[in-house]
Amino acid sequence: MSEPPFALTELAQLVTSGRLRRAVEARAQAVERQDAQKELQHFEQHREKFVGASAVAHTALPFMDAGERKRLQGHALKLRDLATQIGEAAKNERELRAFDRLLTDGKNDAENAAELLKQAFERSIEKTFRP
């Protein structure tokens, strides 16, 4: 039987040494990181909306009932937890795989919190400038 062609010998060495597996894993991780960066860019607009709404919180909070304050607190706590998880995902490949689900939940919390603050701020404007 003749010697296998050089390319097949080289491939066999890559497979048996584990270098091919590590290269495939590294490529998959790079793709996951790119996807995570894209998700973060999409999330940025929701974060900006929440930050903008938060700027009126001192005016809006007195016009919120206890239930609205409780919901706002829940959203804020979830967003704080999301910030921690984003930091973990940057360091931990297992966390990175759950990244898009985390950001989807975060988008909902940012939107809901911003909406609560917007409604309360509108009530404060109506009450302050009511004829």
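Methionine 64 touches Arg69, Leu72, Leu116, Leu117, Ala120 and Arg123, leaving aside residues up to four places away in sequence. Please bear in mind that this is a predicted model.

Met64 also belongs to the largest nonpolar core, which has 17 residues. Within that core, Met64 is one of the residues that touch the most other members, together with Phe43, Phe50, Leu72, Leu79, Leu82 and Leu117. Two or more core residues come from each of helix H2 (19–54), helix H3 (57–60), helix H4 (66–91) and helix H6 (99–128). Helix H6 gives the most, with 8 residues.

Among contacts between residues at least 6 apart in sequence, 82% join residues at least 24 apart. Of the 131 residues, 23% count as buried. The protein exposes about 9400 Å², and carbon and sulfur atoms supply 56% of that area.

Which residues line the largest pocket? They are Phe43, Arg47, Phe50, Val51, Ala76, Leu79, Arg80, Leu82, Ala83, Ile86 and Ala110. By class, the lining comprises 9 nonpolar residues, no polar ones and 2 charged ones. Helices H2 and H4 each supply at least two lining residues, and the largest share, 6 residues, comes from H4.

Finally, I draw attention to Phe43, Phe50, Leu79 and Leu82: these residues are among those that touch the most other members of the core, and they also line the largest pocket.

Conventions: Residues numbered from 1 in each chain as written. Predicted model: local features only at pLDDT ≥ 70, side-chain atom pairs only at ≥ 80, totals over all residues. Heavy atoms only, no water. Buried < 20%, exposed > 50% of the residue type's maximum accessible area, 1.4 Å probe, protein only. Contact = heavy atoms within 4.5 Å. Areas by Shrake-Rupley, 256 points an atom, 1.4 Å probe, with all protein chains shown as cover. Core = buried A, V, L, I, M, F, W, Y, C linked by side-chain atoms within 4.5 Å. Helix = DSSP H or I, 4+ residues; strand = E, 2+ residues; numbered from the N terminus. 1 Å grid on protein atoms, 1.4 Å probe; cavity = no way out; pocket = protein on both sides within 12 Å on 5 of 7 lines; lining within 4 Å. Nonpolar A, V, L, I, M, F, W, Y, C, P; charged D, E, K, R; others polar.
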